[in-house]
Structure formats: C-alpha cells, structure tokens
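Please read it alongside the sequence and the coordinates.

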Amino acid sequence: MTLRSQFTADPHRPRYHFLPPGNWMNDPNGLIQWQGAYHLFYQYNPAGPFHGRIHWGHAVSDDLVHWRDLPVALAPTQGGPDQDGCWSGCIVNHNGTPTVIYTGVHPQVVCLATSSDEMLTWEKYEDNPIIAAPPAGITRGDTWHFRDPRVFQEDGDWYLLMGASGEGDKATVLLYRSTDLIEWEYVHPLFSGNGSQRGPAWTGTMWECPDFFALNGRHILVVSAHDVVKNQMLYPVYFVGGHEGLRFRPERQGILDYGGYFYAPQSLLDESGRRLVWGWIMEGRTRMALQEAGWAGVASLPRQLSLTEGGRLEVGPAPELGTLRTEGWRAEGLTVGPGRVNPLRDVTGTALEIDVTFDPGDATAFGLHVRRSPDGEECTTLVFEPMAGRFLIQRAQSSLSPDVHREAILVPYKPAPGEKVRLHLFLDGSVLELFINQRQAASTRIYPLRRDSVGLALFATGGTAGVERLDVWQMGSIW
C-alpha cells in the first residue's frame with residue numbers, strides 16, 4: 001500500500017486539491033512551466049505531519065489539474081548551510097539550465113542548485129551560500145529574518161528579492177542585482193511597510209515570500225505579512241503600482257485572500273501569458289488532531305490574476321478546473337424568502353463546485369448553508385449582508401469536534417447599487433475556497449464529523465433575494 005492510498009477513507013482529506021502523499025506541506029515553491037509541463041515544488045517534511053527539517057517536495061502536471069508525484073527535489077545536507085532545512089525559494093531558467101535559489105537555515109542564507117536531468121535531481125553549488133548574511137542595519141536585533149528569495153530578469157540583469165524584518169519592526173523587501181546568479185550586489189529596499197503601526201492597514205513586521213511581476217502595464221508586489229513578535233502568520237498583501245529606477249511606488253493596496261488560511265502565495269507566468277498563483281492552505285485543527293490524521297497542509301487551487309484598467313486586482317479559479325466536473329445540477333429564477341431554509345434536496349456532496357448569482361433584492365442578509373446535516377446540527381453558513389458591506393463565513397456549527405477552529409471569517413465587500421453578487425465556491429473535504437465577483441477571495445477549513453453533513457440550502461432574512469442562476473457540480477479526483 002502506498003502512503004497516499006493509506007488516507008483515501010479520510011473524509012477531511014481533499015480529492016481535487018494538491019497535497020503530498022502524507023505528512024507535512026507548507027509553502028509552494030519553484031513554480032515553473034518547463035517544456036509545457038507545470039512543476040510544483042513545495043515545503044515538505046517527510047518525517048511527519050509537522051514543521052521540521054524541511055525538504056522540497058515535487059509534483060508535475062500536464063494540464064494544470066491532474067498531478068503526478070516525483071522524487072523529493074532538495075534535502076538538507078549535513079554540515080552544509082541548509083543542514084537544518086531547505087526553506088522557500090524559486091526556480092529560474094538560466095540559459096537552459098533549471099536553477100533553484102532557496103533559503104538555507106540556520107542562520108538564514110541564500111543557496112543555489114542546478115539540474116541537468118529535467119529537474120529530477122539537483123546538484124548544490126559547491127560554494128553555497130551565495131548570500132551569507134543580510135546587509136548591515138537590516139537585521140532585527142540579533143535575529144535574522146531574511147528569507148524566501150524570488151528572482152526575476154530585467155534588461156539583461158538578474159534581480160533577487162528577499163523578505164526581511166528591518167530596524168524599527170519595519171517589514172521590507174530587499175533588492176539585489178547579479179549578472180550570473182552567483183555574485184550578488186545589494187541595491188536597496190525595493191519597498192518597506194508601515195512598521196509597528198498596527199491598524200486596519202497594518203502589514204506586519206516581517207514580509208515573507210515576496211513576489212513581483214508585471215500585469216497589464218503595472219507592477220504587483222505580493223508579500224505574506226508576518227508578526228515577528230507573536231510569531232504569527234497574518235495574510236497575503238498585494239500592492240499595485242509603478243516600477244521605475246529600481247524603486248516600487250504603490251498606488252493601491254489589498255489583501256489577496258481574507259480567509260486567514262491562505263498564505264505564502266507564489267505565481268508563474270505560463271506559456272500562454274497568464275499569471276497563475278498558488279498558495280498554502282493551512283490546517284484549522286489541533287496538533288494532536290494532525291498527528292492522528294497523518295497529514296497536514298494543502299495547496300490552493302490554481303488561481304488566475306488579472307488587472308482592470310482602473311488598477312483593481314481580480315482573482316478567480318483557473319478555467320481548466322472545469323474538466324473535473326462530473327454530474328451537474330442547475331436552477332434558475334429562484335426566489336428565496338425570509339424566515340425559512342430552502343434545502344436543495346437533490347444536491348449533496350463533499351467535493352463540489354458551486355456557482356451561484358444572487359440578486360440581493362430587499363433582503364438584509366442572504367446566502368448558503370453548506371456541509372449541512374439534515375437537522376442543521378452541523379453546518380457552515382456563508383452569509384452576505386449588503387448594507388453592512390460584508391460577507392461572513394460562520395463556522396460556529398461547522399463541526400462537532402472540539403479540536404477545530406470555529407471563528408467567523410469576515411470579508412469586506414460592498415456591492416454597487418443594483419450589482420449582482422456571484423459566489424463561486426469550491427468544497428473539497430475540509431477545504432473551502434470562495435471567490436466573490438472575482439474581486440475578493442477567502443479560503444478556510446471546516447471539519448464536519450457527521451457523515452450526513454453533505455447538504456446545501458439557500459436562505460434570506462429581512463426580505464427576499466433572487467437567485468438568478470445556481471450551478472452545482474460533483475468534482476472528480478486529480479489522482
């Protein structure tokens with residue numbers, strides 16, 4: 001029996017999201033399309049379902065949907081600069097040679113490796129690390145927070161971004177330049193955050209996993225905000241702006257995913273010119289529950305980014321996911337009345353895609369109950385409150401287990417007058433990914449215990465809401 005097959009009966013394990021055969025996964029790394037195939041590398045601990053001595057796992061896909069496991073790509077080298085772990089980084093095509101630039105620990109340094117056999121095996125550079133320390137004045141006290149290199153090429157030179165925490169608790173992205181990927185010159189901070197000024201727009205004290213790319217004539221900087229003091233991962237933040245003279249000038253700021261479980265996103269530009277992004281979807285249960293399960297961590301679905309002419313970043317699922325649809329169900333022109341649950345008795349499942357467009361009407365709140373037991377004892381509620389300008393994922397009744405997170409998740413969204421509200425939802429075991437009008441995203445985890453917690457229901461309160469169209473599909477496996 002293979003490691004992956006040991007978990008097929010686990011109702012909380014996703015079937016169409018990528019995850020390793022077992023044990024621990026966190027950040028996606030080294031995303032690249034090579035000779036037509038999509039390669040996904042990821043932070044992996046083969047020793048168990050916990051963060052430990054991290055390796056780089058590896059998988060490949062021909063269609064962006066179905067994946068094949070490949071051998072571990074990078075493992076720590078005893079006595080080397082990565083002996084305590086091969087942490088996050090990226091892969092670039094250097095004159096036809098796949099080249100990994102990654103973080104070695106401890107301390108946090110930058111290492112390099114290359115492959116000569118189509119990325120099946122890797123040879124580490126004999127003089128690693130290629131960057132042995134952050135620049136003077138950047139470290140936070142005696143601790144280096146200096147990790148997650150992201151490399152891109154511009155005007156014949158290579159540039160490398162590093163996430164860091166600077167003096168005064170100011171999160172920053174550091175910029176380096178090179179001609180050969182070996183010798184690096186520190187240039188200056190590309191951009192820095194607002195330090196310890198906590199508030200609604202606070203971006204943490206450390207930026208992890210920086211990503212930087214052009215999109216529709218602008219530049220996008222994506223970082224994962226981290227609170228160094230509390231050692232707490234916060235949320236992925238994006239900035240839209242201009243890039244001139246090796247300086248980034250942001251004009252707009254937002255959160256890439258409001259769920260609180262999507263972190264460390266990394267993107268790739270595929271051969272068709274699309275900007276695709278994956279993130280790590282964290283678990284929402286206790287360490288003991290993870291140990292009992294034997295696995296932890298999931299990759300998000302591939303998402304496609306676009307930028308409107310007005311500079312608003314939009315995000316939605318990659319259309320290739322539609323190939324996983326099997327049995328479908330559709331309803332149109334429904335009216336959802338106040339004070340009563342409207343069960344969709346013909347539609348049940350634990351691996352579903354749901355695409356529903358609401359006309360808010362005069363309802364003060366409306367939405368969906370998902371993973372609902374027939375008596376409502378277990379249920380996760382997705383509720384939109386138009387006047388309050390917010391969307392809530394309510395998890396208080398999502399599971400009878402005492403070992404799971406139950407906090408409500410708030411997504412700010414105020415529709416324009418007369419605007420329809422489209423909720424595009426993916427349910428997969430314990431994973432919930434939601435897209436609202438392709439303008440906001442939220443990912444979370446739910447762990448129903450009852451086997452009959454598979455139902456859906458529409459609802460509205462304070463008035464009536466219309467359902468212009470509702471499509472539900474059963475989703476097949478990616479394996």
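The largest cavity of this predicted model has a volume of about 90 Å³, and the count of cavities of 30 Å³ or more comes to 3. The largest pocket, for its part, has a volume of about 1600 Å³, and 46 residues line that pocket.

**Cavity and pocket linings**

- The lining of the largest cavity is made up of 13 residues, and those that lie nearest its centre are G89, D148, C209, P210 and Q266.
- Five strands each supply at least two residues of this cavity lining, namely β1, β5 (86–94), β9 (146–154), β13 (206–215) and β17 (262–269).
- In the largest pocket, the lining residues closest to the centre are N231, Q232, M233, W280 and M282.
- Two or more residues of the pocket lining come from each of β1, β5, β9, β15 (232–244), α1 (287–293) and β29 (409–412), and the largest share, 4 residues, is that of β15.

**An open sheet**

- Five strands form an open sheet in the order β4-β3-β2-β1-β19, and their pairing is mixed.
- At the edges of this sheet are β4 (68–74) and β19 (295–296), each of which pairs on one side only.
- In general terms, strands of a sheet pair through backbone hydrogen bonds, and they may do so in a parallel or an antiparallel manner.

**Cysteines**

- The model has 0 disulfides under the rule applied, which asks for two cysteine sulfur atoms within 2.5 Å.
- For C111 the closest cysteine sulfur is that of C86, and because the two sulfur atoms are 7.6 Å apart, they are too far from each other for a bond.
- C111 is buried, since its relative accessible area is 0%, and C379 also counts as buried, at 7% relative accessibility.

**R439**

- R439 is found in the loop between β31 (431–436) and β32 (440–445), and with a relative accessible area of 27% R439 is partly exposed.
- Although R439 and L313 are 126 residues apart in sequence, their C-alpha atoms are 7.1 Å apart in space.
- When neighbours within four places in sequence are left aside, R439 is in contact with R312, L313, E314, Y413 and E419.
- Two of these contacts involve polar atoms of the side chains: R439 and Y413 are joined by a polar contact of 3.2 Å, and the side chain of R439 makes a polar contact of 3.4 Å with the side chain of E419.

**S115**

- S115 lies in the loop between β7 (109–114) and β8 (123–124), and S115 is buried, with a relative accessible area of 6%.
- The side chain of S115 has polar contacts with backbone atoms, reaching the backbone nitrogen of M119 at 2.9 Å, while the backbone oxygen of T121 lies 2.9 Å from a polar atom of the S115 side chain.
- Leaving out neighbours within four places in sequence, the residues in contact with S115 are T97, P98, L120, T121 and W122.

Note on methods
Residues are numbered from 1 along each chain as its sequence is written. This is a predicted model: local features need pLDDT of at least 70, side-chain atom pairs count only at pLDDT 80 or more; totals for chains, interfaces and linings use all residues. Side-chain values use heavy atoms; hydrogens and water are left out. Buried means under 20% relative accessible area, exposed over 50%, partly exposed in between (1.4 Å probe, protein chains only). Two strands pair if DSSP finds at least two bridges between them. Contact means heavy atoms within 4.5 Å. A polar contact is a pair of N or O atoms within 3.5 Å; within protein, one must be able to donate a hydrogen and the other to accept it, and residues adjacent in sequence count only if both atoms are side-chain atoms. On a 1 Å grid over the protein atoms alone, a cavity is a set of points where a 1.4 Å probe fits but cannot get out, and a pocket is an open set with protein on both sides within 12 Å along at least five of seven lines; lining residues have an atom within 4 Å of a point. Grid points are joined across faces, edges and corners, and a volume is the space filled by probe spheres set on the points.
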